[in-house]
Amino acid sequence: MRHSWEVFNGGVWLFKLNSQPLTPSSPHAETPKHQPHVPALFPCETPQTLPQPLTVSLASPGCCHGCGARPGCTQRRLCISALALLVLAAAVASAVAALALLPRAPVNRLCTAPNNRTGFLCDDRVTCVPASWVCDRVSNCRNGEDEQEQLCGDLPHSLPGYLVFYCSNPRSWVYADQRCNGMNDCGDCSDESWSSAACPPCGQEWWSCISVHFEFCSCIPRRLCRDGIQHCLGWSDEFLCPA
């Protein structure tokens, strides 16, 4: 029995076995009478012919299970590459889906409403709703974003901080545009006279005095002056306030 190595297509070494009986006339020589074909060690290579151009067809049955002559079937290495591309595409799709689930940066909706009041900016980026109109069960924005559950589900904690003013009693709060509006919205005048409210002096439409009525604090509207009714503690609204 003789072992031989032969080189075939693409530099692939193939191993063959040649088995021939020795003749009496030549004890050391062997004359091959028949050389049976032994399959190559690499069944996916065809040693006698050059590989033909192939087309990847993922729909072909058995594509990745052999290298026989099947219409539309690919070489194993091409099929594995196609599977790798599918895995990569699935990974990219998963990454995109994960990014979509990430929390988005909050939109800055702080704006200035008419009369210099703190406001809430609608999605159109034009309409500015006064803070006290938010979560009042009336849609003041075109798309109703001022009444969304995410915004109004747990008042005041679900509101942005710029829309809320906390009174001296931590359990009490008012909307930010109700601070320094001349009215006793907190009930203890902390939204008008408390240091954290930082209210400016009474405006031109107001008269500065200590109000004797619950609804006002340190200013009363000038329209109440000289009306024959006491509104200030020292009657200054009736004797000192200009008519």
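Me: Which cysteine does a disulfide join to Cys122?
Reply: This is a predicted model, so distances here are computed from its atoms. A pair of cysteine sulfur atoms counts as a disulfide within 2.5 Å. For Cys122 the S to S distance is 1.9 Å, and the partner is Cys141.

Me: How many residues apart are Cys122 and Cys141, and which parts of the chain do they link?
Reply: Cys122 sits in the loop between strand S4 (117-121) and strand S5 (128-130). Cys141 sits in the loop between S5 and helix H2 (149-152). The pair links distant parts of the chain, and the separation is 19 residues.

Me: Is the disulfide of Cys122 and Cys141 left-handed or right-handed?
Reply: Look at the torsion about the S-S bond. For Cys122 and Cys141 that torsion is about -75°, so the disulfide is left-handed.
Both of these cysteines, Cys122 and Cys141, are buried. The handedness asked for is left-handed.

Me: Which cysteine is joined to Cys135 by a disulfide?
Reply: Cys135 lies in the loop between S5 and H2, and its partner lies in helix H2, 17 residues apart. The S to S distance is 2.0 Å. The torsion about the S-S bond is about -85°, so this disulfide is left-handed. The partner is Cys152.

Me: Is Cys135 buried or exposed?
Reply: Buried means under 20% relative accessible area. Cys135 has a relative accessible area of 14%. Cys135 is therefore buried.

Me: What is the handedness of the disulfide that joins Cys225 to Cys241?
Reply: The S to S distance of Cys225 and Cys241 is 1.9 Å. The torsion about their S-S bond is about 85°. This disulfide is therefore right-handed.

Me: How many residues apart in sequence are the parts that Cys225 and Cys241 tie together?
Reply: Cys225 lies in the loop between strand S9 (219-221) and helix H4 (236-239). Cys241 lies in the segment after H4. Cys225 is buried at 9% relative accessible area, and Cys241 is buried at 0%. The parts they tie together are 16 residues apart.

Me: How many disulfides does the count come to?
Reply: A disulfide is a covalent bond between the sulfur atoms of two cysteines. Among those in this model are Cys122 to Cys141, Cys135 to Cys152 and Cys225 to Cys241. The count comes to nine.

Me: How many residues does the largest nonpolar core have?
Reply: In soluble globular proteins, nonpolar side chains tend to be buried together. Residues with the most contacts inside this core include Phe120, Val134, Cys135 and Leu159. Leaving aside neighbours within four places in sequence, Leu159 is in contact with Val134, Cys135, Leu151, Val164, Trp173 and Tyr175. The size of the largest core is 13 residues.

Me: Which side chain of opposite charge is nearest to Asp191?
Reply: Asp191 lies in helix H3 (residues 190-193). Asp191 is buried yet has no salt bridge. A salt bridge needs the charged atoms within 4 Å. The nearest side chain of opposite charge is 8.6 Å away, and it belongs to Arg179.

Me: Which residue has its backbone nitrogen 3.2 Å from a polar atom of the side chain of Asp191?
Reply: Asp191 touches several residues beyond four places in sequence, including Phe165, Arg179, Met183 and Cys199. The backbone nitrogen that lies 3.2 Å from a polar atom of its side chain belongs to Asp185.

Me: What does Met183 count as at 27% relative accessibility?
Reply: Met183 is found in the loop between strand S7 (173-175) and H3. Its contacts include Asp191, Trp206 and Phe216. The limits are under 20% for buried and over 50% for exposed. At 27%, Met183 therefore counts as partly exposed.

Me: Is the peptide bond from Leu155 to Pro156 cis or trans?
Reply: Most peptide bonds are trans. Pro156 lies in the loop between H2 and strand S6 (164-166). Omega from Leu155 to Pro156 is near -5°, and the bond is cis.

Me: What is phi of Arg137 near?
Reply: Most residues other than glycine have a negative phi. Arg137 lies in the loop between S5 and H2, and is exposed at 83% relative accessible area. Its phi is positive, near 70°.

Conventions. Residues are numbered from 1 along each chain as its sequence is written. This is a predicted model: local features need pLDDT of at least 70, side-chain atom pairs count only at pLDDT 80 or more; totals for chains, interfaces and linings use all residues. Side-chain values use heavy atoms; hydrogens and water are left out. Helices (H or I, at least four residues) and strands (E, at least two) are DSSP runs, numbered from the N terminus. Buried means under 20% relative accessible area, exposed over 50%, partly exposed in between (1.4 Å probe, protein chains only). Lys and Arg count as positive and Asp and Glu as negative; His and the chain ends are not counted. A polar contact is a pair of N or O atoms within 3.5 Å; within protein, one must be able to donate a hydrogen and the other to accept it, and residues adjacent in sequence count only if both atoms are side-chain atoms. Contact means heavy atoms within 4.5 Å. A nonpolar core is a set of buried Ala, Val, Leu, Ile, Met, Phe, Trp, Tyr and Cys residues joined through side-chain atoms within 4.5 Å.
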